[in-house]
Every structure is written in C-alpha cells, then in structure tokens.
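Okay, thanks everyone, I'll keep this short. Let me put the thing up on the screen, and then we'll walk through one chain and its neighbours.

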Amino acid sequence: MSTSDALVLDDVSRRFGRRWALARLSYRLPRGRSLLLTGHNGSGKSTLLRLIATATVPTAGRLEVLGMDAVAEREQVRGQVALLSHSSFLYEDLSAHQNLVVLLRLLGREDPGGEAVALLARVGLATRGSHPVRHFSAGMRKRLAIARLLAQRPKLALLDEPFGELDPAGILEMERLVAELRESGTAVVLATHLVEQGLSLCEERLHLVEGRRVEP
Amino acid sequence: MSTYLLLSQVADAAERVGSGRIQGGWEFVWASYAVAYLSMVLYAVSLWWRRPRPAASRD
Amino acid sequence: MLSTAWILLNKDLLLEWRTRARLNALVFFALATLLLFSFALGPDSTLLARHAGGYLWLALLFASVLSLGESFRVEQENQCLDGLRLVPTDARALFLSKAVGNTLLLLFLALVLLPVMIALYGVTLSLSPLSLLGVLALGCMAISAPGTVYSAIANHARARDVLLPLLLFPLIVPALLAAVKATTLVLQGDPMGQLTSWVGLLSAFNLIYWGLGLALFPRVVED
Amino acid sequence: MEDKRRSLRLGLAVLGVVTLGVGAWMGLFWAPPDREMGDVYRIIYVHVPAMWMSLIACLVNFIASVGYLFKASWKTDSLAESTAEVGLLFGVFGLVLGMLWGKPTWGVYWDWDPRLTSMAVMLVAYMGYLALRRFIEDPEKRAVWSAVLGIIAFMDIPIVWYSVRWWRSLHQVQSTPQTVHPDMTLALRVNAFAFLFLFLAFVWSRYRIAQANRLEELALPDSLPDAAADGGLTRTT
C-alpha cells in the first residue's frame, strides 16, 4: 500500500504553543519523484522538512517516510534521510575538514579523512579545509552544510532554502549539486523562494499557506 | 564556614538546656500556629485569585 | 554505543583544545576562588589547612557551573545537537560522552588546583596520593552526571545561567558533603575508619545518577 | 458534573477547616503537656503534619512525573505542577515551624538537625523545579523536562537524608518523645487528617488552574476546525 510512496502525510498537524505551523496536511509523494515546497516565510515549509527529518514530531496525524513511521521508526528514517537546515549543524571552532571527519566517523565510514577531502573538493572548499568554520562566510557555510548532507548519502534529501545566501555562481553550483543528487537516485524535497530554479529540479509541487495546502 | 560557627553554638546551648523540663515558650507555640494557619489562608486566597475564569470573560 | 561515545568524546576534547583560551580562563577563575577563600578567612593557617578540602570542592563546584553550561552551549550554536541526533546518534552515547568529558575537565581542574592548595593552605597529605585521586575522581563524576542532564535542560530555558546552579546545587549536596569529608579524611588521616562509608556514599550517588542519566537523557534531547 | 465536583471540592475544604479547628483545640488545650518539653512541644501538631504533607507531595510529584514519561498526558503534567507548588507551601512553613520549635528547645533557630536540613535542601530543589517550569514556554518541552527533573529530585531525598545524618553524627540526634501519651497520638492524628483534607483541596484547586492554563496555552482560537474539538488537551505522541 504505502510502500510505493516516498512520503505519506495523513492529516499531519504540528502546533507550536498556540500556533498551528501545519494544519491537517495530507499528501502523498510517489517514490522516485522530487517535491518542490513553496510558500511564504512562516507558511510551514521548514516545519514540514523538520518533521520529515524526524527532528520534531507531529502533534497529530501520521507521517510515513520511505515506508517507515516517522515517530516509531525514527532511527531507521534518520539513516536514510538528510536535512540541510537553516542552521548549519557545524561546530564553529572545528575546521571544515574536522567537522566532516566527526560526521563520517559517526556514520562508521572506512576512511573518514580521505572521504572528507573528496567531499570538500566536491563543494569547492578544497583549499579551505583547515580553516575553522568561525571564519567562514555565509555562502561557504552553506557549501560545507551541503557537503555534510552529501556525506550522509541519503535516499531522501531535504533542502531548506539551499540557494539562500549564495552568490549567482554559487546558485548555479548548488543547482548542479542537486541535479547530481537526483541523477544518483536520491529523491529531493526542496523548499525555496526561487520557484523557477525549483521547478526545473522537481516534478511535484506543494504550496503551503499558513500551514495548509493550497493549489498554487 | 558559618556552619562550623553555628555548630559550636549549638553544642553550648545543648549543655545549657540540660535535662529539665522546658518552662513556658507559649509565645513560640502561638507564633507557630499563626504561621501555619496564615500560610494556608494566604495560599487559599492566591488560589482563589488565580481561579480559572469562565471562558466568556476571556478575550 | 561505546564507540559512538568515544567519537563524540574525542570531538569534545578536540573542541576544548581548539578553544583552550576558554579553558585557561576557567583555570584562573578556579584559582581566584581558592585565593579568595583565604582572604575571606584571614591568614589563620591552621583554620585554612583544616578546611582545605571544603574550599577545594567549592572552587571546583563554582567552576563546574561554568564548564557544564559551556558543554551544551557549544552544541546549540548552530543547533549541532539536532545535527547529531539526525545522523542518527544514540542519545545515551551523547550523555556518556558529555558526562565523561565534564568529569575529565573537572578532574584536570582539580589536579591543577591541588598543588596550589597545598602551597597556599599548608596542607599535608596523610594517606596515599592514590586514594586522594580516587576521591577526586568520584567527586568529579558525581558533579558531572546530574550536571550534564541539567545543563542540557537549562540550556534551552530562559535565564539559563541562574537556572543551572539553582537546579544543581541542592541536588549534589550529598555528593559535596561526601566528597569534602572524604577529601579531608585523606588529607588529615582517618583514625576512625570513616573514609569507606563516605566513599561508599559517593559511589552510590554516582551509580544512581549515571544510571538515571543514561535512562532519562534520551527523553531530554528528543521531543 | 462540574457543579458536583465544585461542591465536592468545597466540602473537602470545609471538612479540612472544621477538622483543623478541632485539631487546634486538641493540640493547644486538650492534649497534656510533655514531660520534658513542656508546652513548647505543642508545635508538633502543626509542624509534623506539614512535613508529612510535603513528603506526600514529593511522592505524588514523582509518580506523576514517571507517569508522564511513560504516557504523555496533560493531566499528569498538571498534577506534577500542582503537587510541587502545594508541597513547597507546606514544606516552607513546616520548616519555619521547625525553626520556631528549635529556638526554645535547642536555644537556636537552626540546629542542622538532619530532618530539617534535608527538608531545606529538598525545598530548594523543588523551587528550582518550579523556576524551570516558569522559564520554559513550550508546554510539551516543559512537561518532559520537568518530569525528568521531578524524578531526579525525588531520588535525591533519601541520599540527602543519609548524608546529612552521617555528617551530623557527631551531634546527638533528637528523638521523638519516648513516653507518648495516647491523647498526644490522637491529637496528632486529627491534625494530620485536617492537613490532609486541606492538602487535597489545595492540590485539586491548583490542578484545575494548571489544566486551565494548559488549555489557554494550547487554545486554538481560529484554526483546525475539526481536530480542535478536544481543545488540544489530548496528545497523540
């Protein structure tokens, strides 16, 4: 039944205090398809991504990610999903290389050092690997954060405003990286203001207004 | 620091009291009952003050 | 779980090394506290020597509030804690790494303070240095286990700098009593054989709170 | 339903006040003076019940905290909140009574008596508990974290008690009067039941306030037309 869908949202709601960030959202995303999330700031895009990533739990309703329950089987979901969030998840006082090595070691990889170097090269930070993150610009942090996501080799990548804070060249590069992800068989859920870029990368679209689904 | 100071005082006081029956002390008894009942009354008042108002008076 | 904890501990120690200026400040803070105690009590060296164990632990306790608070502030800066959770990382490994890291930091601090205290207060060591090390380690563990849980909680609250000591100090009163008594006995000799019961109390405290920490920490960091 | 509960609550309070009146008369005038402590011992009739209620409150708080962690429900969370506050009330004035008792018996207000000292330490711990609840806005997080805190603090009670007793072992621990007149026991029991009734009335009223606060924090004025029927007071997670 639901195993053919990458995402199943069944009447999902999420409340923060008195505010419903998501209200009774139902949606299905077939496997292998990618989803573009659009909507204004505060429309619930980030909350939805955090729910799918199991960073937070739905207040009501049921959420299935890749055929697994996002609450009961969250450990398994986390193994297959990666989130690029507004917060970079980076340690400011570690170097870019060390940040990646810690993550790769936690993931149990064979050669964390070598893999980290390769990842840094892939996102265009090869020469900055030994610099502490504290001295990075916003765009460089974004690149390192996407390297972090790539390191997790997810089946489903959740990207929250990946083009934000990037210069035009950076945006092009990010588009290339997302396209590469797609080609390698990773489904993408993309939340962005830049609808044009997003539409070229995704087949499906979900438009949110104040936590509800609206036809764009 | 002050702990040890107090301790020595206590030891002195214990010797002074000895084993005889304590005389008087009613003022402490009255004070105690007053403190106990007053605390409870004040708390009851505070509960009354915070009581849930019916929904109509809210907003 | 243990290997994850080991990786995380390495990460924390590396972070501590990269920000060693902060560590230095902590050491000087603890030293200043120790010095201030002697000013507060006047230059009566016998009094100072008699209560040296108490001052040592108070200095450590004050410093621990700073170091415990810091240990989760690092994780919050870019929501690194979320990043770790989503890897996924076992929350119990996270607790172990943080608690062990805090213990090591406090123990390091204690070992720095010890010679200063001996010089400043004119303390002599009656029992073996090894038993002193054991008491110090047990005491640091006793502060760190509940301290780690409380620091993770207080870090998300308003007024976290006030909240952590308010929560932690009453809780570790028994551990502090036991640690001070045991330290004093090690320094001044133990003719009545009381040391074992205080060490026993300290061990029981550790057992309970390391166990509780392992059991409850997953609920603290997960929603 | 609500009317019935209201009258039950009121009845409990009235029962408590009446019993307390009888208890006060028994404690102050009816019960005989103690052989050693004279009339000063009469403080026992308010001091000891207050301490008992405080301990009961800690116990209920612990049970509610454990219950919340096993199954999230606003009911156990509110119960934990109300018992912590009421327990703190009884504990604080019970402690003051202990000090008032200490002055004529020991010559000082504060004697580092193991019971009083342990109680003082625990009261500070539960003040921290209430402070934490106040400093966290998100109701779900507050509930989980304070439950963790409630468990940790409760486990500390016996440890504090033993450590303080050992610490004070150089000093003779004051014991309960050896020769207890049966009238004294009766007076103590009456007072204890009076306190228990009032304690229950307090906790119940405070619980209602807590539940109303939860409802307000989670009230959904304009969204979720269908799912909000239960007022958001049930959690599915």
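So, chain D. Reading along the sequence, you get α-α-α-α-α-α. That's 6 helices and 0 strands in chain D. And keep in mind that this is a predicted model.

How much of chain D is buried? Of its 237 residues, 47% are.

Now the neighbours. Let's start with chain B. Here 27 residues of chain B are in contact with 34 residues of chain D. On the chain B side, the elements giving two or more residues are α1 (2-17) and α2 (26-49). Which one gives the most? That's α2(B), with 12 residues. By class, that side of chain B splits into 18 nonpolar, 5 polar and 4 charged residues.

Next up, chain C. This time 26 residues of chain C are in contact with 26 residues of chain D. On the chain C side, four stretches of helix each supply at least two residues: α7 (129-154), α8 (160-171), α9 (173-188) and α10 (195-221). The one giving the most is α10(C), with 8 residues. And the classes for that side of chain C? You're looking at 20 nonpolar, 2 polar and 4 charged.

So, to recap: chain D is 6 helices with 0 strands, it touches chain B through 34 of its residues, and it touches chain C through 26. That's me done.

Technical notes
Residues numbered from 1 in each chain as written. Chains lettered and ligands numbered in written order. Predicted model: local features only at pLDDT ≥ 70, side-chain atom pairs only at ≥ 80, totals over all residues. Buried ≥ 20, exposed ≤ 12 C-beta atoms within 10 Å, placed from the backbone. Contact = placed C-beta atoms within 7 Å. Nonpolar A, V, L, I, M, F, W, Y, C, P; charged D, E, K, R; others polar.
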